[in-house]
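Subject: Model for you to look at

Hi,

Here is the structure I promised to pass on. Please open it alongside this note, and my findings follow below.

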Amino acid sequence: MSAFAISTRLAKRAIVPYASTFTRPQISYTALQQARAFHFTKMASNRIVTLDASLIPRLPESSPTLFEAKKQKNLTFEAIAKHIGREEVAVAALFYGQAQASAEDIKGLSELLGIPSEKLESQLSGIPDRGRTLDMPPREPLIYRLFEIVQNYGYAYKAVLNEKFGDGIMSAISFSTKVEKETDEKGDWAVITLRGKWLPYSRF
């Protein structure tokens, strides 16, 4: 008996009985469509930041108004920023009461969020009382990490800035900032840009 004949007989014993009892599960077209629809909806959904209720006592009355409308409309800060022509960090600052809204900002927010302009004007027309929302040192982990960056690199930043600009400070008033996302083979990276006017100390 040849080796080929033996292998053929073994194959028949091993494979044929198993194959004869195997039944492919039937998947209906409707179930397949539902599964595809589920994954599409899940992938298409936005990550929306809502208002932490514990912060409300520290925030102006405009904050719950704006955040509730943002939640109902399912809008990101990026989408709102594009509509009113501002940077998304500036828009988030408006929502937390840390920046002053212009008449154009109020009009754009009213149109996009469906909030009566009169209500927004009454809540956003004042001068912001900045800095009340944050404990020092911060307890929220992401905010603490930013604080920790200054702890670790504060004197290094100061030394390099002094060498480049002289004796002075970077303004946080004549100032802009933005957050960007970069992705490479190692993962996602957060890029935070701080751009402030250099203010030399006056001699007197």
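Helices (DSSP H or I runs of at least four residues) and strands (E runs of at least two) are numbered from the N terminus. On that basis the protein has eight helices and two strands, which follow one another as α-α-α-α-α-α-α-α-β-β along the sequence.

A word on the source: this is a predicted model, in which local features need pLDDT of at least 70 and side-chain atom pairs count only at pLDDT 80 or more, while totals for chains, interfaces and linings use all residues. Residues are numbered from 1 along each chain as its sequence is written, and side-chain values use heavy atoms, with hydrogens and water left out.

Overall picture

I call a residue buried under 20% relative accessible area, exposed over 50% and partly exposed in between, using a 1.4 Å probe and protein chains only. Buried residues make up 17% of the 204 residues in the protein. Contact here means heavy atoms within 4.5 Å. Taking contacts between residues at least 6 apart in sequence, 55% join residues at least 24 apart.

The helices

Helix α3 covers residues 62-73. The expected span of a helix is 1.5 Å times one less than its number of residues, so the 12 residues of α3 should span 16 Å, and the 17 Å between its end C-alpha atoms agrees with that. Its buried residues are Ser62, Ser63, Thr65, Leu66, Phe67, Ala69 and Lys70, and their cover includes α4 (77-84), α5 (88-95), α6 (103-113) and α7.

In α6, the buried residues are Asp105, Ile106, Gly108, Leu109, Ser110 and Leu113. What covers them includes α3, α4, α5 and α7. Just after α6, glycine 114 takes a positive phi of about 75°.

Glutamine 123 sits in α7 (residues 117-124) and is buried, at 16% relative accessible area. Leaving out residues up to four places away in sequence, glutamine 123 touches Glu61, Ser62 and Thr65. With threonine 65 there is also a side-chain polar contact of 3.0 Å; such a contact is a pair of N or O atoms within 3.5 Å, where within protein one must be able to donate a hydrogen and the other to accept it, and residues adjacent in sequence count only if both atoms are side-chain atoms.

Backbone points to check

Most residues other than glycine have a negative phi, and most peptide bonds are trans. Two places are worth a look with that in mind. Asparagine 74, in the loop between α3 and α4, has a positive phi near 55°; at 39% relative accessibility, asparagine 74 counts as partly exposed. Methionine 136 and proline 137 are joined by a cis peptide bond with omega about -5°, and proline 137 lies in the loop between α7 and α8 (141-165).

A strand residue

Lysine 178 belongs to strand β1 (residues 168-184) and is partly exposed, with 33% relative accessibility. Although lysine 178 and glutamate 88 are 90 residues apart in sequence, their C-alpha atoms are 7.3 Å apart. Beyond residues up to four places away in sequence, lysine 178 touches Glu87, Val89, Val191, Ile192 and Thr193.

Happy to talk any of this through once you have had a look.

Best wishes
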